[in-house]
Amino acid sequence: MKVILIDTPKGQFHLPLQKVAEHRADYYACEVDGHEKNSPEWKEEVDWVMKDNFEGIAWLINNTNWDEWESSATKVNDKVNVTDDDFWCSSDGFEIVEA
């Protein structure tokens with residue numbers, strides 16, 4: 001399963017890439033283009049993110065906030081690599097990995 005490894009001031013977390021892909025598809029396929037959830041167009045949007053090595057991260061940091069995802073994320077360790085000031089500001093603390 002692909003996840004986004006996220007460095008936070010409270011440790012590292014895994015967030016399922018599938019959830020991020022669906023969130024993005026809900027916006028582009030449904031809100032922008034007017035398609036139904038689970039339509040072929042929606043599925044294409046999900047597949048685009050799942051196959052790309054950066055689009056899910058870009059969507060997260062440019063269009064959402066951590067508080068929208070924290071309850072869906074799983075803490076994997078207490079390793080801290082970012083400060084509160086640096087968190088969610090750039091793609092440096094994010095990586096798509098297999099879990």
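Author: Here are some questions and answers about this structure.
This is a predicted model, in which local features need pLDDT of at least 70 and side-chain atom pairs count only at pLDDT 80 or more, while totals for chains, interfaces and linings use all residues. Residues are numbered from 1 along each chain as its sequence is written, and side-chain values use heavy atoms, with hydrogens and water left out.

Reader: Thanks! Which residues of helix 3 are buried?
Author: Helices (H or I, at least four residues) and strands (E, at least two) are DSSP runs, numbered from the N terminus. Buried means under 20% relative accessible area, exposed over 50%, and partly exposed in between, with a 1.4 Å probe and protein chains only. Cover for the buried residues of helix 3 includes strand 1 (2–8), strand 2 (11–16), helix 1, helix 2 (40–51) and strand 4 (94–98). Within helix 3, which spans residues 55–63, the buried residues are Gly56, Ile57, Ala58, Trp59, Leu60 and Ile61.

Reader: Which side chain makes a polar contact with the side chain of Thr64?
Author: Thr64 belongs to the loop between helix 3 and strand 3 and is buried, with a relative accessible area of 4%. A polar contact is a pair of N or O atoms within 3.5 Å; within protein, one must be able to donate a hydrogen and the other to accept it, and residues adjacent in sequence count only if both atoms are side-chain atoms. The Thr64 side chain reaches the backbone oxygen of Leu60 at 2.7 Å. Its side-chain partner, at 2.9 Å, is Trp69.

Reader: Trp88 touches Thr64 too. What is phi of Trp88 near?
Author: Contact means heavy atoms within 4.5 Å, and Thr64 touches His23, Trp59, Trp69 and Trp88, not counting residues up to four places away in sequence. Trp88 lies in the loop between strand 3 and strand 4 and counts as buried at 12% relative accessibility. Its phi is positive, in a residue other than glycine, and is near 70 degrees.

Reader: Asp7 is buried yet has no salt bridge. What is its nearest side chain of opposite charge?
Author: Asp7 is in strand 1, and its side chain makes a polar contact with that of Gln12 at 2.6 Å. For charges, Lys and Arg count as positive and Asp and Glu as negative, while His and the chain ends are not counted. A salt bridge is a side-chain nitrogen of Lys or Arg within 4 Å of a carboxyl oxygen of Asp or Glu. The nearest opposite charge to Asp7 is 6.9 Å away, on Lys79.

Reader: Which residue meets Arg24 in a salt bridge at 2.6 Å, N to O?
Author: The structure holds four salt bridges. The pair in question ties together parts that are 21 residues apart in sequence, because Arg24 lies in helix 1 and its partner Glu45 in helix 2. Arg24 is buried, with a relative accessible area of 8%. The side chain that meets Arg24 at 2.6 Å, N to O, is that of Glu45.

Reader: And which residue forms a salt bridge with Asp26?
Author: The closest N and O atoms of Asp26 and Lys37 are 3.6 Å apart. Asp26 lies in helix 1 and Lys37 in the loop between helix 1 and helix 2, so the pair ties together parts that are eleven residues apart in sequence. Asp26 counts as partly exposed at 24% relative accessibility, as does Lys37 at 47%. The partner of Asp26 is therefore in that loop: Lys37.
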